[in-house]
Amino acid sequence: QVQLVESGGGLVQPGGSLRLSCAASGRINSVNVMGWYRQAPGKQRELVADITSGGRTSYADFVKGRFTISSDNAKNTVYLQMNNLKPEDTAVYYCNVVGRSAALTTFASWGQGTQVTVSS
């Protein structure tokens, strides 16, 4: 079983910054992709950014130039640096990790979510 623990959310003023972290633990053999999604009230969950084990990144258009995803593969940890935050970035942010367990079965785990609120 793989567990994800997120941290770093909170309340920030427009134009401010936050850094989210997500650490995966458990019986992990390898990690393929780590990503961040978000879900605002009344909206569907959407991909924000993801990063492969090889370091290839992808971003949603609405965060390009403002958010940066990075990872520490040795620690199975993914980060999301969010700069120039806007009120429309307000949402619950979820970490997602896809990989192979120690039993060599594929897993896809979600974090519990962390609230990000951008407001003056």
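View 1. The side chain of Gln112 reaches the backbone oxygen of Glu6 at 3.4 Å. This and every other view is drawn from a predicted model. Gln112 sits in the loop between β10 (106-110) and β11 (114-118). Apart from neighbours within four places in sequence, Gln112 is in contact with Leu4, Val5, Glu6 and Tyr94. Tyr94 and Gln112 are 18 residues apart in sequence, and their C-alpha atoms are 6.7 Å apart in space.

**View 2. Glu6, a buried acidic residue without a salt bridge.** Glu6 belongs to strand β1. Which side chain of opposite charge is nearest to Glu6, and how far away is it? It is that of Arg45, at 7.8 Å. A salt bridge requires a nitrogen and an oxygen within 4 Å, and Glu6 has none. The side chain of Glu6 instead reaches backbone atoms: the nitrogen of Cys95 at 2.8 Å and the nitrogen of Gly113 at 3.3 Å. Leaving aside neighbours within four places in sequence, the contacts of Glu6 include Ser21, Cys22, Trp36, Tyr93 and Thr114. Gln112, the subject of View 1, is also in contact with Glu6.

**View 3. The disulfide between Cys22 and Cys95.** A search of the whole structure finds one disulfide. The two sulfur atoms of Cys22 and Cys95 are 2.1 Å apart. The angle about the S-S bond is -80°, and the link is left-handed. Cys22 lies in strand β3 (residues 18-26) and Cys95 in strand β9, so the pair ties together parts that are 73 residues apart in sequence. Are these two cysteines buried or exposed? Both Cys22 and Cys95 are buried. Each of them is also in contact with Glu6.

**View 4. The largest nonpolar core.** This core has 30 residues. Which of them touch the most other members? They are Trp36, Leu80, Met82 and Tyr93. At least two residues of the core come from each of the strands β1 (2-7), β3, β4 (28-39), β5, β7, β8, β9 and β11.

**View 5. A network of salt bridges formed by Arg38, Glu46, Arg66 and Asp89.** The count for the model comes to four salt bridges. In one of them, Glu46 pairs with Arg38, with 3.0 Å between the closest N and O atoms. Arg38 is buried, at a relative accessible area of 6%, whereas Glu46 is partly exposed, at 31%. In another, Asp89 pairs with Arg66, with the closest N and O atoms 2.7 Å apart. This pair links distant parts of the chain, 23 residues apart: Asp89 is in the loop between β8 (77-82) and β9 (91-101), and Arg66 is in the loop between β6 (57-59) and β7 (67-72). Asp89 has a relative accessible area of 1% and Arg66 has one of 8%. Both values are under 20%, so these residues count as buried.

**View 6. The salt bridge between Lys64 and Asp61.** The closest N and O atoms of Lys64 and Asp61 are 3.2 Å apart. Asp61 is exposed, with a relative accessible area of 64%.

**View 7. Asp50, buried and without a salt bridge.** Asp50 lies in strand β5 (residues 46-52). The nearest side chain of opposite charge is that of Arg56, 5.9 Å away. What joins the side chains of Asp50 and Ser58? A polar contact of 2.4 Å does. Not counting residues up to four places away in sequence, Asp50 touches Val33, Met34, Gly35, Arg56, Thr57, Ser58 and Ile69.

View 8. Most residues other than glycine have a negative phi. Asn84 lies in the loop between β8 and β9, and is partly exposed, with a relative accessible area of 41%. Leu104 is found in the loop between β9 and β10. At 47% relative accessibility, Leu104 too counts as partly exposed.

Notes
Residues numbered from 1 in each chain as written. Predicted model: local features only at pLDDT ≥ 70, side-chain atom pairs only at ≥ 80, totals over all residues. Heavy atoms only, no water. Buried < 20%, exposed > 50% of the residue type's maximum accessible area, 1.4 Å probe, protein only. Helix = DSSP H or I, 4+ residues; strand = E, 2+ residues; numbered from the N terminus. Lys, Arg positive; Asp, Glu negative; His and termini not counted. Polar contact = N/O pair within 3.5 Å; in protein donor to acceptor, adjacent residues only side chain to side chain. Contact = heavy atoms within 4.5 Å. Disulfide = S-S within 2.5 Å. Core = buried A, V, L, I, M, F, W, Y, C linked by side-chain atoms within 4.5 Å.
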